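Some notes on local geometry follow, for checking against the coordinates.

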Amino acid sequence: MDAQRSGPPRRPTPQEVAAAAGRGLADVIGPGLRVLFCGFNPGLYSAAVGLPFARKGSRFWPALHGGGFTDRELHPWEHDELLRQGLGITSLSNRATARADELTSAELVAGVTGLAVKAERYRPRWVAILGVTAYRIAFVRPKAELGPQPGRLGPARVWVLPNPSGLNAHFPLPALTAEFAKLRRELGAEA
């Protein structure tokens, strides 16, 4: 399905969702972003419709808005508005799966190389990894915690946020939003 639509996608059938296994998504990326958000990988529903964080009820969009990054809650198909606000989306692995734990450690570690290339090319101020578990594995930092991280990806500083997946029961939406707000405050302090 076309990733650059102007309205909500058609709801895929269960067969279309299942058939999306292994598919990838186009990055929502451009030069000079304030933050490039980086998830583990696309979910099957997102891959089926061709949009990141597309499943109804995705917590990414309300956390982004509630954390102060956007003046309203955006929809997955509003790529242009997301980019206008200096925000982008990519993944460590571009292989859609039903669950992030279907990815191998090797896939996550290899994803850091591609992410570093994107950071060097597009030069975001921050790369925000969405999930401390993915960060620990991919960056080989088993004791990492949420928040700013040592080192850089190209010119970008690195911040770890909780995974916005609804499967991440440790972070209800208010707690997730509070973590997003910490990064937003850091951006404001840099301005």
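1. Two strands count as paired if DSSP finds at least two bridges between them. The model is predicted. In it, strand E4 (residues 147-153) and strand E5 (residues 156-161) run antiparallel and are joined by 4 bridges. Across this pairing, Arg-152 stands opposite Arg-157 in E5. The hairpin of E4 and E5 has 2 residues between the strands, and Gly-154 takes a positive phi near 60° there.

2. Most residues other than glycine have a negative phi. Phe-53 has a positive value, near 50°. Phe-53 sits in the loop between helix H2 (44-49) and H3. Its relative accessible area is 21%, so Phe-53 is partly exposed; the buried class ends under 20%.

3. Arg-123 is a residue other than glycine with a positive phi, near 55°. Its place is the loop between helix H5 (105-122) and strand E3 (126-130). Arg-123 is partly exposed because its relative accessible area is 45%, and exposed would require over 50%.

4. Is Thr-70 buried or exposed? Its relative accessibility is 5%, so Thr-70 counts as buried. Thr-70 belongs to the loop between helix H3 (60-66) and helix H4 (79-84).

5. Which backbone oxygen does the side chain of Thr-70 reach? That of Arg-72, at 2.7 Å. Leaving aside residues up to four places away in sequence, Thr-70 touches Leu-64, His-65, Gln-85 and Leu-87.

Methods. Residues numbered from 1 in each chain as written. Predicted model: local features only at pLDDT ≥ 70, side-chain atom pairs only at ≥ 80, totals over all residues. Heavy atoms only, no water. Buried < 20%, exposed > 50% of the residue type's maximum accessible area, 1.4 Å probe, protein only. Polar contact = N/O pair within 3.5 Å; in protein donor to acceptor, adjacent residues only side chain to side chain. Contact = heavy atoms within 4.5 Å.
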